[in-house]
Amino acid sequence: MSQKPVLLIGADNLAERVEAYKRLFPPEGIAILRPDGANAGRNTFLGVPVAHEWPRQDGGLADIAGDVSARAVAARQAVERGMNAIIHPPFGDSRANAEAILAAAGGAVRVALPIHYTHKYEAAASSARAGIGEIITVRAIRIFPPAQAWQQSLFHLMEALALLGGPLRRVYAKAAALKSAGTDTVFCNGRYANRAILYGEASAAYPATYSKEVIEVTGRAGMVEYDSNARSVWSASESGVTLAESYHRTPYEKMIDAYTQAWAAEVDAHPELPDPRPALRAYWAAMASIERNEVETV
Amino acid sequence: MSGSRALNIGAISFDHGHQNGYVSAILDLPAAQLVAAADAVPGQLNRMNEMLAARPDAPAVKVFADYRELLELDEVEAVSICSANADHAQMTIDAAQAGKHVLCEKPLCITLAEADAMIAACRDAGVFLGTAYPCRFGPVAWQAKQRVDAGEIGDILAMHGTNHLRPFTEGWFIDPQRSGGGTIRDHIVHVTDLMRWFTGKEVAEVYAEGDTLKRPHIAVDDVAILVETFEGGILASTDPSWNRPENWSKWGNVYLRLLGTRGMIEFEVTGQAIVRTEAQSGAVSSIDTSESMNYYLLKDFCEAILAGRSPLVTGEDGRAGVEAILAAYQSIEEGRPIRLRDG
């Protein structure tokens, strides 16, 4: 286990991220970095120290989420300090910029791809690749209460679609602010490189008591389907806490573990690590489609 | 309900299997009487004959090969048309000119010009034209509509619907000359009609992806997904694909999820079903446990005609489905969203 510092930046899914790092790293090395001075009076949060400046010690790991427009800068700052970084997408201001950031970092920055480490998506993707024939349609629907920037929800939708059906060829996307001042819902359809048709939907506009996650892959010789509302685990109590998923290792924990092992092995292009480019390219094409109300080539 | 009188109905063409469901409903309905049937393919009347044979009180049904002979019968007041799509328009116009009310299977027809001619012919003849969209009469859809109309979820903001089916591999459904298209022609109309019914709004813009991927050798599309905008900026999407495996436990589904300003509601019209699995044959099938939507479709049609009012689902509703179909095909051909009216 590394004795180097682990810094978590940004509030998105912070509890889940902190928990994952606590299980993988010595707790005394983990800190939440608030370089903007927010919560200046707070010394600890979620059981870990709150730091207000980057560490002087070289090396370590930065896990970067938060303000979408600030992520690329934070990643560059981390790399300048000799740190590795896990950057939560989206980041940068264009597809070219995002790919340039990754190229410049030379493997020191890896893109967080938690969908790739979520068992139902892994299982659906591997099951679809084995035994249902050539994929012809994919539907991915992700309806959750608001917990992150809508751009991040869109990215994870594109990540799911790319994982399930492969690289996208084109996409058409419509976004709307249905319940919020800003965008909270995206519908999209399009094509994969193999001509299969895709549908994606991400929304944070539904009532807090409702969520839905659909994974559906149909092939010429069968289909794979998952619906979160047919849960294998379902617990509801008077506390209002529901349990609809169950893990021995959370997706974040699996992802961070895989990335840090690859860094430890000094493997720049670890063959078992997922390639972020299909999701990044699909994301930027969807953003352009939303902007122009046109079909965009991925 | 108009007293105890029953509407005398002729069943024209059994090309579409739904006609057997409508005949079954007619035989069950106090407000309907089956008096005649016509089909050029004798074997297609077998199921009707079985249903009649199973009923000791079955009416005497006159049978014709040519539907025009059925239309000459004075006792026929209305007809149910379930031919291949390409024949809907001519049969409807002939029926209207013979003074018969018409319930026409979906999709209403192939072109908007045909739809306009059908509507005009019925209007000019003083008869009613109904489109057979039975999903409105599914118990869950009906109850969901009542809840939405009562304001339970507020104003509708977004919708997603599916109408999946196992693939067609033969027959007129995959003959583009007789069907006018595949899964888009056959299946977006149910979901589109439900969306129009729930919102009271029309489709404003359509972007569609469609192709022939499940059975690449057939001549019509069998997979598709539409992203749509309805009037008022309502976001919508529809998956009408014939992409289910042949041994899927259900014949298909009709699912709709509605997001409103104050809540959401979702339902599957065919969701109330028992799944039956046979070990020896490997057969898997579903048995619908809900009340028959065909029965309530025919009940509304017959009671409306007898009361001298239009049925709930009109020819104009059928035309709107055709408009959405044509916009989807145009979108696929031109690779761009098609705007039908202001959103």
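In chain B, helix H4 (residues 88–97) packs against helix H5 (residues 112–125) at an angle of about 10 degrees, with 8 Å between their axes. Helices here are DSSP runs of H or I with at least four residues, strands are runs of E with at least two, and both are numbered from the N terminus. Axes are lines fitted to C-alpha atoms, for helices over the stretch in contact, and angles between N-to-C directions run from 0 to 180 degrees. On the H4(B) side the contact is made by Ala89(B), Thr92(B), Ile93(B), Ala96(B) and Gln97(B), and on the H5(B) side by Glu114(B), Ala117(B), Met118(B), Ala121(B), Cys122(B) and Ala125(B). Two residues are in contact if their C-beta atoms, placed from the backbone, lie within 7 Å. By class, this contact has eight nonpolar, two polar and one charged residues. Ala, Val, Leu, Ile, Met, Phe, Trp, Tyr, Cys and Pro count as nonpolar, Asp, Glu, Lys and Arg as charged, and the others, Gly among them, as polar.

The model is predicted: local features need pLDDT of at least 70 and side-chain atom pairs count only at pLDDT 80 or more, while totals for chains, interfaces and linings use all residues. Residues are numbered from 1 along each chain as its sequence is written, and chains are lettered from A and ligands numbered from 1 in the order in which they are written.

Another element of chain B is helix H10 (residues 315–334), whose 20 residues reach 28 Å from first C-alpha to last. The span expected at 1.5 Å a residue, taken as 1.5 Å times one less than the number of residues, is also 28 Å. H10(B) is mostly covered, with 15 of its 20 residues buried. A residue is buried if 20 or more other C-beta atoms lie within 10 Å of its own, exposed if 12 or fewer, and partly exposed in between. Just after H10(B), Gly335(B) takes a positive phi of about 65 degrees.

Where chains A and B meet, 26 residues come from chain B and 29 residues from chain A. Strands S7 (156–162), S8 (203–211), S9 (223–230), S10 (234–239) and S12 (263–268) of chain B each give two or more residues to its side. The largest share, five residues, comes from S9(B). This side of chain B divides into 13 nonpolar, seven polar and six charged residues.

Arg244(B) lies in the loop between S10 and strand S11 (255–260) of chain B, and counts as buried because it has 21 C-beta neighbours inside 10 Å. Beyond its neighbours within four places in sequence, Arg244(B) is in contact with Met223(A), His164(B), Leu165(B), Arg166(B) and Gly252(B).

Chain A has seven helices and 16 strands. Seven strands form an open sheet with mixed pairing, in the order S13-S12-S8-S11-S10-S9-S16 (chain A). Strands pair if DSSP finds at least two bridges between them. S13 (222–227) and S16 (296–297) of chain A stand at the edges, each with a single partner strand, so one side of each has no neighbour in the sheet. S12 (residues 212–219) of chain A runs antiparallel to S13(A), joined by six bridges; Val217(A) has Val224(A) as its bridge partner in S13(A). Helix H4 (residues 119–129) of chain A packs on the sheet, touching S8 (135–143), S12 and S13 of chain A.
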